[in-house]
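Subject: Handing over a structure, with notes

Dear colleague,

I am passing on a structure for you to look through, and my notes on what was found in it follow below. Please keep it open beside this message while you read.

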Amino acid sequence: MADLIVNGGKPLAGSVTPSGNKNSVLPIFCATLLTDEPVTLRNVPDITDLEKLVTFFRSQGSRIDWNREKGVMKVDHSTFKSTLTNDELPQDMRSTVLLYPALLHRLRKITVHANAKGCSLGVREIDPHLEILRALGAVINEGDPLVIALPDGFAGARHWLDYMSVTVTENFAMAAALARGNSTLINAASEPHVQDLCAALVAMGAKIKGIGTSMLTITGVKKLHGATIDISSDYHEIVTFLALGAITGGEVRVNRSLPQHFDLIARAFKKLGVIVEHEGDTAIVRRNQSLRIEAPFTSNLLPKIEAAPWPYFSVDLLPLLIALSTRAEGTIHFWNKVYENGFSWIPELAKFGAHAVVSDPHRIIVFGNRPLRPATVDSPYVIRAAVALTMVAAAIPGRSVVRHAEIIKRAHPHFVENLRSLGADLEWK
């Protein structure tokens, strides 16, 4: 376990470049297994989940050359073994589910001995994955262990998701890319990282229409080929740096931003009295933002930021704005429409002196600009909650400790180094 020691109260200022998107690189890396031709990935973040996948692929005979300093990975699966070592998939990460389409395409059968864990936000069901695999031609024995077979390869199908699941959409896109005939997914997820995976598949020869919308239409091809693919910047990290600048009163500039994804994000910041500017692809938060919560025109309602599947405001970004709201003048309502445990960390926020009322598992009200004090808090196994607690600690003069914060490393490979470059005083212990 690793704790973050934060000596806060210092305005963060300067320029910083975000890493590649964790949520993009993991499915794209899994998708490279759909071809035997070499694939080169650029702007690859050095994160623990990716390291586990690399270890798995190498154990299966794949050749992977990863230059971590340059962020370049060269992948060649032409020597991938025809059977799984110990008949096992990696079992300690949620992204294992993203291996199902490519492994079924190659091996025709996989055995799943246990559900991989992700984080503590709530139950992550596997049923929707099984539904789309079955729709596309898989035969499933739902016993213990779970056995999934693909005797005749993937076949095109039409499927309507119960809800916009990111990983289910990604698995559908990977399987349908090599299916016989046409496939359509309705109620598809459209997050930036889903768009990135679809664009990567297209670069490898897939035929996909509707990228960025709630309906994907895919014409299957016989094989995919090699490609050079750039991993986009992590918009979660971009928002993190901007929010850190705002909460500490400094001016932060984030290079390689993604302005095309920021319309709603910038509006959410504005509700907290923070203006996000863009100069080309550089995102900027100026020093000493007003941090005053905007009153809505409908004055008998609380200001509100609600989060749901994209193109709503992202649920993964909600903790960052909750942290920021503790320093803003006024009262605001946050609504997480996805995770039933999305606010389980709020009691830790209260240890800093923040005033927040949990209305139900999906909604809280924050009473901002209450006196805050340094504290020792316990991070849950939720990446953005750990970051949010660190944000609050960075804004408070004095020494705070965010215990068990190592989950941050799953998504932010240079978190401490980047914050230090902006003037923060923090360290791992």
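Contact, as I use the word here, means that heavy atoms lie within 4.5 Å. This is a predicted model, in which local features need pLDDT of at least 70 and side-chain atom pairs count only at pLDDT 80 or more, whereas totals for chains, interfaces and linings use all residues. Residues are numbered from 1 along each chain as its sequence is written, and side-chain values use heavy atoms, with hydrogens and water left out.

Let me begin with T248, which is found in helix α7 (residues 235–248); helices (H or I, at least four residues) and strands (E, at least two) are DSSP runs, numbered from the N terminus. T248 counts as buried, at 12% relative accessibility, where buried means under 20% relative accessible area, exposed over 50%, and partly exposed in between (1.4 Å probe, protein chains only). Leaving aside residues up to four places away in sequence, T248 touches K10, P11, L12, A394 and A395. Its side chain also reaches the backbone oxygen of L244 at 2.8 Å, which is a polar contact (a pair of N or O atoms within 3.5 Å; within protein, one must be able to donate a hydrogen and the other to accept it, and residues adjacent in sequence count only if both atoms are side-chain atoms).

Next comes helix α8 (residues 263–271), where I265, A268 and F269 are buried. Seen down the axis of α8, these buried residues fall within an arc of 100°, so they line one face of the helix; the arc is that of the directions from the helix axis to the C-beta atoms. The face turned away from that buried side carries the exposed residues D263 and R267. What do the buried residues of α8 pack against? They pack against α7, β15 (276–279), β17 and α9. Just after α8, G273 takes a positive phi of about 80°.

Strand β17 (residues 304–307) has a covered face with I305 and A307, and an uncovered one with K304 and E306. In a regular strand the side chains alternate between the two faces of the sheet. β17 pairs with strand β18 (residues 331–336) in the parallel sense over four bridges, where pairing requires that DSSP finds at least two bridges between the strands. The chain crosses from β17 through helix α9 (residues 318–325) to β18, and this β-α-β crossover is right-handed, meaning that, with the strands pointing away from the viewer, the path from the first strand over the helix to the second runs clockwise.

Finally, how many disulfides are there? Taking a disulfide as a pair of cysteine sulfur atoms within 2.5 Å, the count comes to zero, because the sulfur of C30 is 14 Å from the closest cysteine sulfur, in C198, too far for a bond. C30 is buried, with a relative accessible area of 0%, and C198 also counts as buried, at 2% relative accessibility.
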